[in-house]
Amino acid sequence: NRFYYDSEISTKSDFYTTWLAFLDSNGKLEVQKKQYISQLENNKNNDSILILQDELKKIDITLANHYWKFTNECPNKYVVAFIAPGAPDFSYDKYHNVYESLPDSVKNTFYGKNFSDKLTASRNGDLNKKDESFINSQMPEIIAVDSTLQEVILDKSFYQKYRYTIIDFWASWCGPCRKANVDYKALNTDFKKQDITIIGFSLDKTALEWKRALKEDNANWLHISDLQGEKSPIVNHFQIYSIPANLIIDSSGKIVGQNISVKNLKSFFDKLTADAENL
């Protein structure tokens, strides 16, 4: 079994609370880093630029140390597999032993595989290569079932009904995905007014856990799944090794966005609208 399931499938799981605590402390540094970067972009004073660049280096070192300390001390190895590949100084030499410390039950999860893939890329010198982009390609047909186990087909005729369709890949056992459900819910009403629809594609293998998560999250938009988990044809087609992930499809069935964070979706659609108006 390639997946790891938390014993408590909820946003109060150990995975979720541990991840959130790390994110909270890390987020303060990230905010400060963005502020320095913004100041750099608008600064023409050489002395100020040098000072800001020095501060950025210090933050990067602090961030790197934070990742390293966490991944070596955190008892939840599943969270370690999720977080370690995001380290700013990630490399095969530095993080190989961290990976080897993971139990097989974690190595065989999505995040464990992603960790392994990034180590391999680092060792081969391919770490900075971007993931394959599917932007401007046509969305293949998806045949699945909804949460009542009724067949749903997503094809060109489906996408024509909406200006844009967001397909969110998630799973009941994924803490960050469950947090994203909360964020999507906050945006859903406005999206409907803009003729944008959200579809959740679950990577669960059992309908029971999937339905329970939908009820707990009150995620009241269309949810589908083929209940094949990592063996799902659509998951393999788009090489999805880490979730949450998403695709944005326009009314012609063309993919116009890939892995846009929920917090950036509004600005992403605003830009699409502005670009269309300027044509």
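T165 stands opposite I249 of strand β6. β3 and β6 run antiparallel to each other and are joined by six bridges, where two strands count as paired if DSSP finds at least two bridges between them. Helices (H or I, at least four residues) and strands (E, at least two) are DSSP runs, numbered from the N terminus. The model is predicted: local features need pLDDT of at least 70, side-chain atom pairs count only at pLDDT 80 or more, and totals for chains, interfaces and linings use all residues. Residues are numbered from 1 along each chain as its sequence is written, and side-chain values use heavy atoms, leaving out hydrogens and water.

Helix α11 (residues 265-277) has 13 residues, which at 1.5 Å a residue should span 18 Å, in agreement with the 18 Å between its end C-alpha atoms; the expected span is 1.5 Å times one less than the number of residues. L265, F268, F269 and L272 of α11 are buried, that is, under 20% relative accessible area, with exposed meaning over 50% and partly exposed in between (1.4 Å probe, protein chains only). Seen down the axis of α11, the buried residues fall within an arc of 95 degrees, so they line one face; the arc is that of the directions from the helix axis to the C-beta atoms. The face turned away carries the exposed residues K266, K271 and E277.
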